[in-house]
Amino acid sequence: THYVYRFGGGISDGGQGDKNLLGGKGANLAEMASIGLPVPPGFTISTEMCTRYYEEGEAFPDSLREEVANGIAHIEGITGKKFGDASDPLLVSVRSGARVSMPGMMDTVLNLGLNDETVEGLAKKADDERFAWDSYRRFMQMYCDVVLGLDHGRFEEALEIAKEDRGYNLDTEMTAKDWRALVDEYKALVREMWDKPFPQDVNDQLWTAIGAVFGSWNVERAKVYRRLHSIPSEWGTAVNVQAMVFGNMGDTSATGVAFTRDPSTGEKAYYGEFLINAQGEDVVAGIRTPQYLTKRARENAGAKPLSLEEALPDTYAELVEVFERLENHYRDMQDIEFTVERGKLWMLQTRTGKRTAKAALKIAVEMAGEGLISQDEAVIRVDPAALDQLLHPTLDPEAERDVLTKGLPASPGAASGKVVFDADSAEKKANGGEDVILVRVETSPEDIHGMHAAKGILTARGGMTSHAAVVARGMGRPCVSGAGTLSVKAKEGVMRVGSREVKEGDIITIDGATGEVMVGEVPTVKPELAGDFATLMEWADKGRRLTVRTNAETPNDCRTAREFGAEGIGLCRTEHMFFDSGRINAVREMILASDEKGRRAALDKLLPHQRKDFTEIFEVMAGLPCTIRLLDPPLHEFLPHEEEEFQEVADAIGMDVEKLKRRAAELHEFNPMLGHRGCRLGVTYPEIYEMQARAIFEAACDVAEKSGDAPTPEVMIPLVATRKELELMRAVVEKTAKTVFEEKGRTLSYLIGTMIELPRAALKAGEIAECGEFFSFGTNDLTQTTLGVSRDDAGRFLGTYVDKGIYARDPFVSLDIEGVGELIEIAAERGRATRPDIKLGICGEHGGDPASIAFCEKVGLDYVSASPYRVPIARLAAAQAAL
Ligand code: PEP
Ligand code: MG
């Protein structure tokens, strides 16, 4: 095997398809070079070397020396410069690049190859002494930080003092002489902190930088990022070594980032930011506020500094041509980094651009319209999980807003919460159940955990492509960046705009779609479901086989779910109805009754309530199948737990408080999840299920009578382990149905089925299917009982399990396909063997998880059922699974 892949000068050892090997950046540099775009020559050291580097105890094999030397020779051949040459030195960048982009998480060193001699050569060749010494000090700063691990604060401080001493405000005021003096100070700092002089041997610089970049794969923030984005640590990063080009060689030089379409709205308009006379990371770092790419964007924003279109029109025209070629070549929106060196355009990166859910939708739908991709491709391109962003409420346009300030609309969505000024507090408060908005001067990769914990992010500095903006969009968090009038005093625990002050803990609202920041909480409204969303969903529905139902038990949730396209109810948890304040006491009387007669008396009180519940639901779900699950949880869940409550309840139901306590104690269970619950309630107290069945059939008959649009009730028996349980419960339901139909003088079609929530039920599915027309996989309980992990206590240790790779993802969120999935397959197969037309569905939380839905498609289930807001996600995921 070899590890070095060259690109540039008509050679491309790799290409677009080699992302796993070369990382995203390396593969796309090779691809751009191969289609003739202007890419500075370089080479990529593959991700395989990263793995080997760690295997060999953070060391390189000897063979790599020669390969890298050949790579450098390749760059030298094309540029005509020599690495370490005192008269015309080759300078290189050393950058990380993993398979998927991890913005700002890993390290980069620029201007490598400068030392006391080559800096003079660079000054002469560029005919710009100031530029050369500025480059040298930038290199030292980065190298000391990334490679030597020295406190970068000391270097920044030295620069600040140098400016202050000379009465300067901006770096651009520093002269060649000033930079030269600063380099001397930096050298002294290196000696002081590192005990050795700054390395002068360029090869030494190169190898230590390569090692540092590979090493940055395992820094803490990169690990956190990987965990949040489920990126396996085995992937490793590649290292790209590439000839430097300079955006800081005067007013015809620039550096910038651009998107071929607007990443926020998806509009077909070039979007980008740049800085004249600046280098590399200046734009993303958010230190200077960047300029707009196009005249239109500048005018829309009412900004003064000229756009690239106006400042460097020829370069802009060239760039536009590159955009067109890239979009046609990759057939997707591209995110680009470019540098202009004295009027010459260079491409430094392209990748598929991250985008908001709204933009993803618009771009997919429009590209299909333009004929660039097919409708099916459009469906496949939109990440179902990202739809979540779109389905949630936005600020009510009618509501009053106390606008504090305005920044850039960096990531859409609205959020309200308490102000916090650092990432750790954000995490702590969010864990305590509080909604927080993380407010920072600007964010850095160290803030990543706090950004994730926060409901929204607000920064005083930085542009649309700043760290905060990019990361927030990726996470789907609303973000307002670059709120310039905002002064953040984290240490004092306040932020100010003019004379107004907001303290830590005060509530603010941010609107990531407009950039507005408001004091207090602003009410929200439902999202817009027409337009691109409707179009894409229509295409998705054409492609999917699985039916999508909803888990809902209130008429309101049912209505929302239908608006989102639900095709029935997959799970109505009737116990939720028992908690209603109007009837909880009747429920308690039922539980506390000492015999059947007492229970029946209480159940008679409950019947009209249940009938009304079902009538309302059946009306909303007119004509659709509705799975109603009979009572499932252990009865003592309905009893009081606190001392004061006992007295209240005793008074309310006219029972002696001591007797109540005794009865509650009798009902106590050591392990209620495996206790007297599910169909075990129906087996011991059939009258409960009888009442519920009566309510269901009476309601169904009433609705059929009134509207003619009869629902199809599917009565579901929970937590069945044996055929006999289902047989007994079936008899209760059938007898009740018969009685009600006689009373009402009409019949209705209905089904009786069971949940598969226990391993025994999955294994004995063949005989259980003899007594039931459908199975619904209750994968919450099935996961709990198969893994032997309590769903209520798992939170305490599952995180560690996921970190250690024992489970790839939380098995209560994404189905454990290997284990629980096998039981589902067995149950489906055995159930079908007995009853070929058995209806199969899933109603655990997994019914709304795209990866689990793909599995359901594979097994050939008939439907998935998800909570109302996840219904569109399920529709899209079901289509993607089928296509
Ligand atoms: C399940 O167990 O998957 C299920 C849907 O039922 P519940 O969550 O109500 O136990
Ligand atoms: Mg269950």
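Tutor: Begin with contact: two residues are in contact if their C-beta atoms, placed from the backbone, lie within 7 Å. A residue is buried if 20 or more other C-beta atoms lie within 10 Å of its own, exposed if 12 or fewer, and partly exposed in between. Helices (H or I, at least four residues) and strands (E, at least two) are DSSP runs, numbered from the N terminus. This is a predicted model, in which local features need pLDDT of at least 70 and side-chain atom pairs count only at pLDDT 80 or more, while totals for chains, interfaces and linings use all residues. Residues are numbered from 1 along each chain as its sequence is written, and chains are lettered from A and ligands numbered from 1 in the order in which they are written.

Student: Which residues of helix α2 are buried?

Tutor: In α2 (residues 47-55) they are Thr47, Met49, Cys50 and Tyr53. Seen down the helix axis, these buried residues fall within an arc of 150° (taken from the directions from the axis to the C-beta atoms), so they line one face of α2.

Student: What do the buried residues of α2 pack against?

Tutor: Their partners are the helices α1 (19-34), α3 (62-79) and α8 (202-215), together with the strands β3 (42-45) and β8 (237-243). Just after α2, Gly57 takes a positive phi of about 70°.

Student: How is a nonpolar core read?

Tutor: In soluble globular proteins, nonpolar side chains tend to be buried together. A nonpolar core is a set of buried Ala, Val, Leu, Ile, Met, Phe, Trp, Tyr and Cys residues joined through C-beta atoms within 7 Å. The largest one here has 256 residues, and Ile437 is among those that touch the most other members. Helix α28 (residues 686-707) gives the most to this core, with 11 residues. Leaving out residues up to four places away in sequence, Ile437 touches residues including Ala415, Val419, Leu458 and Ile510.

Student: Which residues surround ligand 1?

Tutor: A residue is near a molecule if its C-beta atom, placed from the backbone, lies within 6 Å of it. Around ligand 1 these are Leu571, Arg573, Asp632, Glu757, Gly778, Thr779, Asn780, Asp781, Cys843 and Gly844. Strand β28 (569-573) and helix α32 (779-787) each supply at least two of the shell residues, and α32 gives the most, with 3.

Student: How much of the chain is buried?

Tutor: Of its 883 residues, 51% count as buried. The chain has 36 helices and 34 strands.
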